[in-house]
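Open the model in your viewer and keep the selection tool at hand. The tour goes stop by stop.

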Amino acid sequence: MTTHESTRRSEARAKGLRLAAKIATCGGLAMAALGLAEARAAGASSTPTHAVASDDAKALSLEGFKPSVGNCGCTPCWGPPAPPAKTRRSARSARPARSARRRGAR
Amino acid sequence: MSTLDLRRDARRDALAPLDLGDVSAADLASARSNWRERMVSEHASARVFGELVGGMMRAGLPADETHRVAEMVRQELDHARLCAKVLVAIGVEPVAELPELAYVPSHEDATSPLEAVLRNVISIGCCSETVAVALVATERELAGPRSLRRVLDQILSDEIKHSRFGWRLVSRLAPSLSVGERASLDAYLVDAFAHQVRFHAPFLDMPCAGEAGLAVGAPHGRSNWLVFMATMEDIVIPGLERCGLSAREAWREVAGVDRAA
Ligand SMILES: [Fe+2]
Ligand SMILES: [Fe+2]
C-alpha cells in the first residue's frame, strides 16, 4: 500500500461522507454533521505518514465492536431487523400494551 | 434457494469489456465476487421496499410518499441489472444463487402503526441507505473506467433518494409521536443499530484492494468499515437525535462505549 493510495482513499471517504451528511438534513443538522464527518475522514490526508496509519490503525481501533455484536453481512437480512423479545428494555415494558393484547389473542 | 439469472438483462445496452490489465489476480477475484454479491443484494433489497408499502398504508402516510417507495422497488431491481452488466464487462456470467430471504418485520409489538413503519423507515432509509450513499459515493470517487463511474452515478442517484426519503419522513413524523410511541421507538434503535453493525462487520474480514482493483470495484474492507462507522457516529446518530430520538443512548448500548460523544 502506498501513501498516495491511502491519501486517495481518505479523500474519497471525505467526499462520500460529505454527500451522506448533506442528505441527512434534519432541522439544520446537515452543516454540523458535514464538518464532523469530513474532518474524521479527511483529517489524515494532510500528512502522508498519518494517512497510512489512519487507514489501518483507525479501522482496527474500531474493531472492538465486532465480537460484541457478532458477524452477519448476509444479503437475506438486508432490511430492518425484528426486535428479539429478550432485548426488550424497560421503556418497552412501560409502553401501552397493544402488543400484549395482540399476543394474548393468538 | 433459487437462482438469479440476469444474463438477458445484461445483454441489453451491454457495457464494453473493461480493461483489466493492471488488476492483480486477487483483486480481480475480489471485484468479481463483490459485483456478484451486489447484484444479489440490490435485487433482494427490492422486496424490502415492496413490504414497506403496506406498512405505510396502515399508518396512513401520504399517498405520494407511498408512490415513491413503490418506485424504489423498481430502482433496486434496476440496480441489480446494472450490476449484471458490470459482471459481464469483467468477464463473469451474471448468474447467482438467491438465498432464502428474511421477511421484513411488521412489528406487531409496536405501539401503533406509525411507530411500526418508522422502525422500518429508520432502519432502511436513515441507516442502511445513508451508509450506502457514503459507501457508493466513496467507491465512485475511486472508480476508473468511465462506464463504471456512470453505473455508480446511476445507483448513487437512487440511493440518495432512498436515504432522503428516510430523513424526510422521520423528521416530519417523529415530533408528533406520543411519549409511549417515542419510548418504544427509542428501544428499537438498539436492535436497528446492532443489526447495522452485524451487517457491516464483515468489512473487517474483507481483503483490501490496491488502486487498480478499487478502480474496478474490488473492496477495501478497512476503508469501508471506516466509512460505515463515520456515517453512523457522525451522521445517523446526530441526525436521529435532532429528530428527538435517543439515538446516542441506543448506540452506546450497542457500542459499549460512548464513541459518538
Ligand atoms: Fe440499490
Ligand atoms: Fe437503495
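This is a predicted model: local features need pLDDT of at least 70, side-chain atom pairs count only at pLDDT 80 or more; totals for chains, interfaces and linings use all residues.

**Stop 1: the metal site.** Select the iron ion (ligand 1). Which protein atoms are its donors? They are B:Glu42 (OE), B:Glu76 (OE), B:His79 (ND1) and B:Glu159 (OE), at 2.0 to 2.3 Å. Now check the angles. The four donor atoms subtend 86 to 144°, so the arrangement is irregular; a tetrahedral call needs all angles between 85 and 135 degrees.

Stop 2: Show helices α2 (residues 25–58) and α3 (residues 63–89) of chain B: B:Glu42 lies in α2 and B:Glu76 in α3, 34 residues apart. Are these two glutamates buried or exposed? B:Glu42 has 9% relative accessibility, so B:Glu42 counts as buried. B:Glu76 is buried too, at 1% relative accessible area.

**Stop 3: across the chains.** Select helix α1 (residues 3–23) of chain A and helix α4 (residues 113–142) of chain B. Their axes come within 8 Å and cross at roughly 145°. The crossing of α1(A) and α4(B) is right-handed. Show side chains next. On α1(A), the contact residues include A:Arg8, A:Arg9, A:Ala12, A:Leu17 and A:Ile23. On α4(B), look for B:Val133, B:Ala137, B:Glu141 and B:Leu142, among others. Colour by class: the contact of α1(A) with α4(B) has nine nonpolar, three polar and five charged residues.

Definitions and conventions: Residues are numbered from 1 along each chain as its sequence is written. Chains are lettered from A and ligands numbered from 1 in the order in which they are written. Side-chain values use heavy atoms; hydrogens and water are left out. Donors are N, O and S atoms within 2.8 Å of the metal (3.2 Å for Na, K and Ca); water is not among the atoms, so sites may look incomplete. Four donors count as tetrahedral if all angles lie between 85 and 135 degrees; four count as square planar and six as octahedral if opposite donors are over 155 degrees apart and all others between 65 and 115; anything else is irregular. Helices (H or I, at least four residues) and strands (E, at least two) are DSSP runs, numbered from the N terminus. Buried means under 20% relative accessible area, exposed over 50%, partly exposed in between (1.4 Å probe, protein chains only). Axes are lines fitted to C-alpha atoms, for helices over the stretch in contact, and angles run from 0 to 180 degrees between N-to-C directions. A crossing is left-handed if the near helix is turned anticlockwise from the far one by less than a right angle, and right-handed if clockwise. Contact means heavy atoms within 4.5 Å. Ala, Val, Leu, Ile, Met, Phe, Trp, Tyr, Cys and Pro count as nonpolar, Asp, Glu, Lys and Arg as charged, and the others, Gly among them, as polar.
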